[in-house]
Amino acid sequence: MAETLRRVLSGGNAAGTGEDTTAESGPPVLLLGAQGSGKTSLMFATALEAAGEGCGPVLFLTRRPLQRLPRSTRAAREPLRLQKVRFQYPPSTLELLQLLASTHEVPGPAPCLLLLDGLEEYLAEDPGTQEAAYLAALLLDTAAYFSHRLGSNRSCGLMVALETQVEADGADAPQLTLLQRYFPAKCWLQPEAPGLGQQGCFRACLELGTPGPRAEWTFKFFPDGEMKITPWPTQPTSPSPDKKSSSAGGQSLTSVCDNVSGQFPGPGTAGQVHMQRPKE
């Protein structure tokens, strides 16, 4: 899953090449970001990327229908890819659990990618860690079952989006801490210029949960829903969250996003990220 997301952020160079990339989908990904940071658009772009690989349908779970389909990449304008994305809308935690537990009864080809958008809305029904652990384990078990159905040379990717906010008091976030045990790869989304929302500029940081530098990109949303992605310069070592790159590549990013100010939380600052309860 992490590799599919990386291809989306890198311009989808592997899409449409006929290469079998599902066997290298990578670990499941937890997508973290505040409201309006582009999580749904990025998930939708990832769904279309996987659909274009021709290795099976994509299952996209969310609590309510999307108001409009994000125009994240050029793949969003290819109807054949969109036809391979199956949307389902479990309205409650109980119905989500029932849907996941009954996947073995659903006929047809197994999905090559499972996505869940808005995890915080389901967890808000039961804010304890026990429900979060059960749901995370069931998601992983469902993806493993789909991988088994796909065969030894295939795997089903898993990506879950969780709405967060950074709190100044640094209180603990037990659900998030627990979820990161189940999802070794994380992609943080943070605004470069706070307050700009969907039309602003954001920075994405992908951590695979293994030693080595993390990959970073800057992307900007335009009023028509288009998303422009620019790679952040590769660092020789894992960058410190309180330092900015001063390379020539960094200068090209500022031409897309001015007033760069946001920084990503480091791997040890999970306690400073808090899940937001959905507004009634």
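**Rings and strands in a predicted model**

Phe-60, Phe-87 and Tyr-89 form one aromatic cluster, where rings of Phe, Tyr and Trp (its six-membered ring) pair if their centres lie within 6.5 Å. This is a predicted model, in which local features need pLDDT of at least 70 and side-chain atom pairs count only at pLDDT 80 or more, while totals for chains, interfaces and linings use all residues. Residues are numbered from 1 along each chain as its sequence is written, and side-chain values use heavy atoms, with hydrogens and water left out.

By the ring rule there are four aromatic pairs. In one of them, the rings of Phe-87 and Tyr-89 have centres 6.5 Å apart and planes at 5°, so the pair is stacked (planes under 30 degrees apart count as stacked, over 60 as edge-to-face and the rest as tilted). Phe-87 is partly exposed, with a relative accessible area of 23%, and Tyr-89 is partly exposed at 34%; buried means under 20%, exposed over 50% and partly exposed in between, using a 1.4 Å probe and protein chains only.

Phe-202 and Phe-219 also form a stacked pair, 5.9 Å centre to centre with 25° between the planes. This pair links distant parts of the chain, since Phe-202 lies in strand E7 (residues 201-207) and Phe-219 in strand E8 (residues 215-221), 17 residues apart; helices (H or I, at least four residues) and strands (E, at least two) are DSSP runs, numbered from the N terminus. Both Phe-202 and Phe-219 are buried.

In a regular strand the side chains alternate between the two faces of the sheet. In strand E4 (residues 113-116) both faces are covered, with Leu-113 and Leu-115 buried on one side and Leu-114 and Leu-116 buried on the other.
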